[in-house]
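This report looks at aromatic pairs, at charges over rings and at one residue in a loop. Please keep the sequence and the structure in view while reading.

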Amino acid sequence: MRGPAALRIAGVAVVAAAAVATARAHAAGAADGASNRFDHRDHAAKLKATDDTVLACERCHASSPDGTLVPVGKRDHQPCKQCHGKIVMSRRELERSRKKDWCAFCHAKTKTGPRQFVALYSHRVHVRPGGSGKQCEACHGAFGDAPPRTGDALRAGHALCGGCHATAAEPKMTSCAGCHVDATSERGRAAATARPSNPFSVAGAFDHEKHANARRVGREGRACLTCHANIAQAETDDVVPLPTMKGCFDTCHDGAKAFSAVGATCTRCHASPAQPPVATPTAPLPRYDHARHATRRVDQSDCTACHALDAAFAVRPATAAQPHRPCSDAGCHAGEFFSRRPQVCGTCHDGTAPWIAQPAVARRRADSDFGRDISHAAHARAGAGDCKACHGDPYRGDAAGSGHAACAPCHGQRAQPAMTACAGCHRPREAAAVARAPSAWSVAATFRHETHAVDPRGGGEPACTVCHEAVARAERVADIAPPTMRSCDACHDGERAFKTTGFGCYRCHRREER
């Protein structure tokens, strides 16, 4: 036997089989007042025990031609009379009869008790891949409006389905088992399971109407399957896959049509859940390594792809000009940005929860990927021989300039290389100032520039090159030798200042306290 009749009988048989196993518990629950809802399993078990009758759906339920359910009582209680005999009684007869308790199963103001049947709905069957949103709107209304729920929820559901299944579509509205299954069965439990809360949900910020009417999106924005493309693979209503962040990026939020989904805009869509899960790396990841990425054939020739300078030529955080670019590019870590537990974020951020603003954290290393060297000789030839311009005024204790701030006054104007020409100074794996091993003859622990601010030979302030003779010839920082004791003899001759060849060695040479 095939067709709706066979499907109906098979479905009812499933209900009856499940009823035998659970009838005793449900019957006891109904007897002690735990439930005031009609118990299908209890009735199926009692019928099976008395006359081997199957409790078929159509024995009690009927529907109008358009699929709308007709309440059981509207048939003059005929289904109930088949077993319970006379139902309609006078008030006095009813008060004396134990049947008054049976009435509460249908006429109670509130219907409590376990859910016995669930309706299966397959989006995969109802939605054609690539179809327009009209097929979705037949049930959901325009742009995400909820399905109509006038009157009883079940009758409203039948009214929606009747437009198709009352005529040609299978299963027919009269084939109850075509959609409804026992809630205790494996399929029933799967369908009745509520979708777990999703901390990454954007339901609080997403507006269907706004997206549908956005001019830059066009007609695609009005088609439900533009975003819900994966709904065609859904088996049941309770496991309908949600749109993915990659889908948002591929269709609209690419940074051109709308703000980039992988930009620094997480909190525009993701709101903090009541109990956000831990989304923090177990340990900060190491800083970005240029050399390691070079072995992976990552083109790093254009420094501005990641780095940018502010108005004062200070270096902004990496990717600040184009948030997360090029890390989020398809050839790099794009998959990480679409993951719920990304790891690459830990390179710059301490956390990965999208509902919390995550400031970038500078992670410095002892050794730099890019060294920088300065030719003192070139600066001297260019007429920029004023050491104080970069090093500050050591005689008065002014702090020395550092980094871009020291170079910007000249190279931010006309001096070459320009501040925006990174490769003019920075070269991969080239060390800048080589750290010297401490010398046993060093006078750094006792020498003070402030006490040498006046030249005893003629007054005035001595030039830096009087002592630092090698500076004007040094092409590299490593070529700059410390001042020699002979350069001190010009002043420390025993007349202008104590003699360097005397017995006061300890006055200058002293082990630095560590």
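## Basis of the description

Helices (H or I, at least four residues) and strands (E, at least two) are DSSP runs, numbered from the N terminus. This is a predicted model, in which local features need pLDDT of at least 70 and side-chain atom pairs count only at pLDDT 80 or more, while totals for chains, interfaces and linings use all residues. Residues are numbered from 1 along each chain as its sequence is written, and side-chain values use heavy atoms, with hydrogens and water left out.

## Ser122

Ser122 is placed in the loop between strand E3 (117-119) and helix H6 (123-126). With a relative accessibility of 14%, Ser122 counts as buried (under 20% relative accessible area; exposed is over 50%, partly exposed in between; 1.4 Å probe, protein chains only). From Val240 it is separated by 118 residues in sequence, whereas the C-alpha to C-alpha distance is 8.9 Å.

## Aromatic pairs

Rings of Phe, Tyr and Trp (its six-membered ring) pair if their centres lie within 6.5 Å, and planes under 30 degrees apart count as stacked, over 60 as edge-to-face and the rest as tilted; by this rule there are 2 aromatic pairs. One of them is tilted, because the rings of Phe249 and Phe338 have their planes at 55°, with centres 5.8 Å apart. This pair links distant parts of the chain, 89 residues apart, since Phe249 belongs to helix H11 (residues 245-251) and Phe338 to the loop between helix H13 (334-337) and strand E5 (370-372). Phe249 is partly exposed at 22% relative accessible area, and Phe338 is partly exposed at 23%.

## Charges over rings

A charge sits over a ring if NZ of Lys or CZ of Arg is within 6 Å of the ring centre and within 35 degrees of the ring normal. The charged end of Arg268 is placed over the ring of Phe259, 3.9 Å from its centre, and Arg507 lies over the face of Phe498 at 4.0 Å from the ring centre.
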